[in-house]
Amino acid sequence: MKHLLTPIAAAVLLGTATAAIAADPIQIKFSHVVATDTPKGQAAEYFKKLAEERTKGRVKVVIYPNSQLYKDKEELEALQMGSVQMLAPTTSKFGPMGLKEFEVFDVPYLFMNEEQVHKVTRGPVGQSLLQKLEARSMKGLAFWDNGFRVFSANKPLRTPADMKGLKIRINSSKVNQAIVQSVGAMPQTMSLGEVYQAMQTGVVDGGDSNISNLYTQKQYEVQKYAVNTKHSYSGYAVVVNKPFWDKLPPDIRSILESAMKDATLYNDQVAEKDTALAYARMKASGKIQFYDPTPAEKAQWVSTMQSVQNEIAPRIGMAMINSVKAAVAK
């Protein structure tokens, strides 16, 4: 009898070992290109906290900020290949991969505030955009705010005429390229992590950036002036590798969706507060001066960039632009 128990005991031990292996947490690599103290960086950490707590350790989220793993141009390809599981790229990055409708968020003066943006991102139009990602092996989970964009340079900027001839850094976006060209400047596409040195060495004269990145990337230390044009919305789409997502247990997916919903609300609240705080800190530093255009000067910026909407409409699709306008008008 003693000898008969030996293989049974061995089977029990083997089963225990197998269960231990099966119990290893599901790992989600979440890569992004900005600093941890940005709204996106903080929201990613908050999502990690919620996901790990609510799954009781069945999921582990490992975050790689500041382009530690991939730069702007590399991260989407890495996600599609499954090298990382989650990203939160700027919406404009989906344009070069064939999803040009996402560039609607870059259209100048299409949105005047976050409330108008949320009518799109939190409504049917936003959901229809996220669904388009599935054809590219991605699952869209949410949109995250990051304020509006401003121009900076080492010369005073007040009206579009002041931009003429300047080399302005942009992210990879045909719309942002058209925006910079509309004010007589020369767009220079480069990864976010390269901008500080490019500004410091004069490779570029200025940038097209949101307040958060202008502060956390320390660009304000090498830029003397900025103008509060707030010409286009700056936001992200949180995406996950679709094959990875589809293989997750249904209960895990449900928990992660709930955690992402709460992290999105957190991000949008942080974005509003951090933008105001970053703005105040940069002004207090004395290293950069911000200029608020007068109503007449603001009208010049709006009218000068109006041509961009007409120019870019065939690329994005007039139907998408009209859908956004209709949602904003509700």
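Thr216 is found in helix 8, which covers residues 211–216; helices here (H or I, at least four residues) and strands (E, at least two) are DSSP runs, numbered from the N terminus. At 17% relative accessibility, Thr216 counts as buried, where buried means under 20% relative accessible area, exposed over 50%, and partly exposed in between, with a 1.4 Å probe and protein chains only. Leaving aside neighbours within four places in sequence, Thr216 is in contact with Ala35, Asp37 and Thr38, contact meaning heavy atoms within 4.5 Å.

The structure is a predicted model, in which local features need pLDDT of at least 70 and side-chain atom pairs count only at pLDDT 80 or more, while totals for chains, interfaces and linings use all residues. Residues are numbered from 1 along each chain as its sequence is written, and side-chain values use heavy atoms, with hydrogens and water left out.

**A residue of helix 5**

Lys132 belongs to helix 5, which covers residues 124–132, and with a relative accessible area of 32% Lys132 is partly exposed. Apart from neighbours within four places in sequence, Lys132 is in contact with Leu99 and Glu101. The C-alpha atoms of Lys132 and Gln309 are separated by 22 Å, and these two residues are 177 residues apart along the chain.

**Strands and their crossover**

Strand 1 (residues 26–31) and strand 2 (residues 59–64) run parallel and are joined by six bridges; two strands pair if DSSP finds at least two bridges between them. Within this pairing, Phe30 stands opposite Ile63 in strand 2. Between the two strands the chain passes through helix 2, and this β-α-β crossover is right-handed, a term that applies if, with the strands pointing away from the viewer, the path from the first strand over the helix to the second runs clockwise. Strand 1 also pairs with strand 3 in the parallel sense, over two bridges, and in strand 3 the bridge partner of Phe30 is Met86.

**Aromatic rings**

A pair of aromatic rings is described by the distance of the centres and the angle of the planes. Rings of Phe, Tyr and Trp (its six-membered ring) pair if their centres lie within 6.5 Å, and planes under 30 degrees apart count as stacked, over 60 as edge-to-face and the rest as tilted. A search of the whole structure finds 12 aromatic pairs. One of them is formed by Tyr46 and Tyr266, whose ring centres are 4.2 Å apart and whose planes stand at 25°, so the pair is stacked. Because Tyr46 lies in helix 2 (residues 39–54) and Tyr266 in helix 10 (residues 250–285), the pair ties together parts that are 220 residues apart in sequence. Tyr46 is partly exposed at 26% relative accessibility, and Tyr266 is partly exposed at 27%.

The rings of Phe102 and Phe143 have centres 6.4 Å apart and planes at 40°, so this pair is tilted. The pair links distant parts of the chain, 41 residues apart, with Phe102 in the loop between strand 3 (86–87) and helix 4 (114–121) and Phe143 in strand 4 (residues 138–153). Phe102 is buried, with a relative accessible area of 0%, and Phe143 counts as buried at 7%. Both residues belong to a cluster that ring pairs build from Phe94, Phe102, Phe105, Phe111, Phe143, Phe148 and Tyr233.

**Salt bridges**

A salt bridge is a side-chain nitrogen of Lys or Arg within 4 Å of a carboxyl oxygen of Asp or Glu, and by this rule the count comes to 13. The table lists some of them.

| Glu52 | Lys48 | 2.9 Å |

Asp251 is partly exposed at 38% relative accessibility, and Arg58 is partly exposed at 39%. Glu52 and Lys48 are four residues apart in helix 2, separated by about one helical turn. Asp246 and Lys242 both lie in helix 9 (residues 242–247), four residues apart, about one turn of the helix.
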